[in-house]
Structure formats: C-alpha cells, structure tokens
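Trainee: Please take one part of this model and go through it closely, strand by strand. After that, describe what else in the chain deserves a look.

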Amino acid sequence: MRSKGFAFALLGTLLCSCSLVPTADWASGYLAGDISLPEAPSPSFTIAELNAQDEGEDAPGLSSAGKARPLVIPVEFEEFPFPEEASSKIRNAFVGEGSLASFYEESSGGLLQLDFLFGEKIVLGGDAISHLQGNGAMGRKTVSILRKAVSEQDPSLLPEGDSDGDGFLDAVYLVYSAPTFEEHDYGDDSRAEEFWAYTYYDYERDGNPENPCGMGYVWCSYSFIDRSKEGDPRTLIHETGHLLGLPDLYSDAGEDASYTLEEEKYRMPMGGLDMMDLGIGDHNGWSKYALGWKKPLYVPEDAPDEFVVELKGEGDSLFLLPPGEEISPYSEGLWIELYDPGGLNEKDAKERYLGIYPFNYSIPGIRMIHVDARLCAGRRNGSLILKEDYLGEKEPELGKGGFYLLASDNDPRLSKADKNSLLTLIEADGEDRLSNQGYPETGLLHYADNRDLFVPEGGKDSFSMGKHSSFFQERNGVPSLNSGEAFPYAVKVNGIREGKDGVSASLTISRV
C-alpha cells in the first residue's frame, strides 16, 4: 500500500449498495467454439523481474515462481507489548488454513511456494516512535529496524532464508506490535504515518552469501493480523503482491487536496475488486500473466474476421491486441477473462470483509479490462527517458543506470505519461459509474459489482468501442486506444454455463 488510501478511508460511510444476483446458468445461446486460438508465449521477463531492476540494480525482489523461504520477525515495542495470543495468530496468518502461503500456492497454480521461516522476536524499548530514524537518504524510517531485526537472528538461520544464494534474504516480514496511526494518537510527529503497512527495500546493502542481509521487506502492524480470531492474512497477501512487483490498483488522488483534475480525482479504475485494489478476492488474469503464472489466448493475424471461441476453467483469458501487435504483458489491449465466483473469490462474494468492504462479484461472467501496460524508461537519478512516451519491449539505449518501468498507474499522479491507468474495468452496461463524477457533491462512491460483468442478458452481452467509448480516449472523433491505434474488434457473449467441470463461456469475436 502506498498509504492509507482514499478508497480505504471512505469505506465506512460511503459504500454504495451492491445487490447479489443469484448464480445463474446462462446456457441459452451457448455456441461451441469453431476455432482454437494459440496460447501466448511466456513473458520475456516477469513483473517481479521488472520490479527488481526498477527498485535498483542490486535490489532483488521475491521471485514469482519456485520455492522461497521468507523470514518473519516479530518486532515488539515495549510501549505496546504483543498480546499473549499474538504468536499463534501471526503463525496462522502466514502458514495456517486460508493463510498467506496457501493463497499464493492456489493463486499461482502451485508455481509459487512460500515456506516461511520464523525468527526470534526483537524488543525495542522506550517510545515506539523514537525508533523510526530512517537511514541516510532512504525514504522510509524503518530500514534501521530491518537491519537490527536481521542482525539479532541466529546466524545459522539466515542462509536458510537465501534460497538462490545471492546474499540477500528472499524477503523479510516485520510484524510490529504498535497500533496503526489511525488507531492511536501519536501526536503531531510526521513519523507516525510509518505505523501502517507497506513494502520497501534496503537499497544500500550489498549481498553477502555467508551472512545474508535483508533487501525487500514488508512492514505490517499486528493490528491488521488481529482483525480475525485465527489471524487475518489479507494485508500480508496484498503486500506480498508488491514484493512480487505488482502495483496498487487503487488511487489516492481523492485525498490529495492539491490534485485538481476533477475527471480523474475520484476515479476507481478497477472498482475495488482485486487483491491489489481493496484486497478483495484473487489477483486478476493480467497480473497472473505478468507474474508468469497463467498465459492468455490471443488472436493471430491469420484468424478469420469472425469466429466463436470458448473460455474454460477458472481465470481463462483472451488478450485482444491490435492486429500485428506483439503479444506480451507489456502491451495495450482488451483483456477478456472468465470470472468464476468460486475459489479465492468465493469468501468475499458471500460476505463483506469487516462488514464494510464491497462484495466481490457473486455470479459467473466475463470481466473486460482495458490494459495499458506499455513500458517507459528511467534513470537512477530520477529523470525519465520518454521515447515516443512508450517503449514496448524494444530495448532502447538506456545507458548506465537506465531501467524499464510501467508507464501507466491507476493513480493518475503516478502515471509517467498522459495520466493513463494501468488497468481499467470496462463496465458492461457502458455507464462508467466508477469514474465517480459528481462526488463529493452526491456523497455517493461507486464500487464495482455484478452489473459490471458481461453476461448474455439484459443488454450486457456485447462490447464495442462505440458502446463503451467513455472508457477510451477520443482521437479525431473516434474512440481509440491510448496509443492512438484503432481497436477493430467487437465481442459478444453467447452464453455462460456451469457444470461439473466448472464455468465456461462462449464468445463471438468480430473484426469491425
């Protein structure tokens, strides 16, 4: 999380109603696929690898595949001692039923296995806030606590937490005992905002295989884990997404008084319903593709002008790109994904998290997302190299200290060019409620719900650039992709059905 977040701050009082439509079987009009589409190749680099070089030349993050052994260290401030049950709750949140470890094993299809190590608790005396000293020019004031916590562990434990032998621990989770700045009055000290949850890196360390040090770490208050009787892993799951390179999908622009672009200020591009948005449900399909977990189908150049294709199984996806565009996670196009309300999506589809968060989608359907994951380039001194704004995967002459990064962000203040969003949910009925135009005058903040899924009924069975023009930029009077390219496809949902083998969907793809 970047900060407490505009979306989080307003949840308690501004949730719009979300009717739960009973699960339906839309078998009518279902057509068998008449073409088999190829599967996209694996990414030439994952978003975890992109994040590692983005954070710094020697800032390895958590790998998105294989077995990792992150180290968990409880940090007790004497001013705020842990309750007696904290140890068991912390352990359950990481490795128990429905835990952080089990979430990522299921979400990754077994490709990522997190085998956590549990270190010894460290105790910090005096006022908790006095320990937030920072580290030179580093942006976070908890790096010194990371170093102290790692240095006080049994030296024989540390090599176990360096799976690839590069001299850096795979990841470190610092679960601290102090309440968050929203729960406790720390006075006017600006350091109080460190008492939240975030992911950060100790950029200034050199790896040592004989005595591994921390690099990527999660700083998380025990208050987040204490939200459930067994130990709540949700915030840890979200922060682990950051260790893997995934950005936040919410925007904080709404709580920034200095940000005045009204048409973007209160926009919720993904409507809250994603693990990297409000921590709801599973990761979306594009994120899984960027992590190297699941590859979408794509339309080759020699495909017919109209054809029927079937999506089968949990999270099966089709990435529609302009003809001739290279298939890659770092492209711009329409992501079409089969949404199943079961699995990791099920719990939030049946109950509001903490009683105030929005429901997840509770029906099967097609989720369509405008993806703009094109890359730009930067330098270590912070200045950006914008060659025609975006680079795709073509390697430019970056020079010393150059690196790639995502050009778009769901927070418009963080987008590197044109304020474009990385992932934008396309609402099936074309209403664009998630732009939240008119708020705060109306006092109504919209989150995504069942109405936003494409289904073969109620006028929500088809996508076209004309019907959904409000989700795209207009170029010369014509709705276009952010790149300026035309998007020559229309999509119709013929049918969705549920069976013993799960959910499947029939789509007609047409060149227009």
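Mentor: Two strands count as paired here if DSSP finds at least two bridges between them. The model is a predicted one, and the part to start with is strand β21, residues 502–511.

On one side, β21 is joined to strand β9 (residues 306–312) by 7 bridges, and the two run antiparallel. Within that pairing, K312 is placed opposite S504 of β21. Strand β20 (residues 489–499) also pairs with β21 in the antiparallel sense, over 10 bridges. There Y489 stands opposite R511. As for burial, 8 of the 10 residues of β21 are buried, which leaves the strand mostly covered.

The pairings of β21 belong to an open sheet of 4 strands in the order β9-β21-β20-β17, with antiparallel pairing. Its edge strands are β9 and β17 (462–463), each of which pairs on one side only. β17 is held to β20 by 2 bridges, again running antiparallel. S462 has K492 in β20 as its bridge partner. In general, strands of a sheet pair through backbone hydrogen bonds, in a parallel or an antiparallel arrangement.

The charged end of R497 sits over the ring of Y30, at 3.9 Å from the ring centre.

The loop that runs from β16 (423–425) to β17 holds some backbone exceptions. Most residues other than glycine have a negative phi, and most peptide bonds are trans. The bond from Y439 to P440 is cis, with omega near 10°, and P440 lies in the loop between β16 and β17. D432 is found in that loop too; D432 is not a glycine, yet its phi is positive, about 55°. N436, another residue of the loop between β16 and β17, has a phi near 55°, also positive and also in a residue other than glycine. The threshold for burial is under 20% relative accessible area. D432, at 14% relative accessibility, therefore counts as buried. N436 has 3%, so N436 counts as buried as well.

Elsewhere in the chain, the aromatic rings make 27 pairs. One of them joins Y200 and Y217: the ring centres are 6.4 Å apart and the planes stand at 90°, so the pair is edge-to-face. Y200 belongs to strand β7 (residues 198–201) and Y217 to strand β8 (residues 216–221), so this pair ties together parts that are 17 residues apart in sequence. Y217 is buried, with a relative accessible area of 0%, and Y200 counts as buried at 15%. Y353 and Y357 form an edge-to-face pair too, 5.1 Å from centre to centre and with 65° between the planes. Both Y353 and Y357 are buried. Ring pairs also link F77, F80, Y176, Y186, F195 and W219 into a cluster.

Helix α4 (residues 86–95) has A86, K89, I90, A93 and F94 as its buried residues. These cover an arc of only 130° around the axis, which means that they lie on the same side of α4. The buried residues of α4 pack against several elements: the strands β2 (71–77), β4 (117–118) and β6 (172–176), and the helices α5 (100–107), α7 (222–225) and α8 (234–243).

The last stop is G125, in the loop between β5 (122–124) and α6 (143–151). Its C-alpha is 6.1 Å from that of F77, although G125 and F77 are 48 residues apart in sequence. Leaving aside neighbours within four places in sequence, G125 is in contact with E78 and H131. G125 is partly exposed, with a relative accessible area of 31%.

Conventions. Residues numbered from 1 in each chain as written. Predicted model: local features only at pLDDT ≥ 70, side-chain atom pairs only at ≥ 80, totals over all residues. Heavy atoms only, no water. Buried < 20%, exposed > 50% of the residue type's maximum accessible area, 1.4 Å probe, protein only. Contact = heavy atoms within 4.5 Å. Phe/Tyr/Trp six-rings, centres within 6.5 Å; stacked < 30°, edge-to-face > 60°. Lys NZ or Arg CZ within 6 Å of the ring centre and 35° of its normal. Arc of directions from axis to C-beta.
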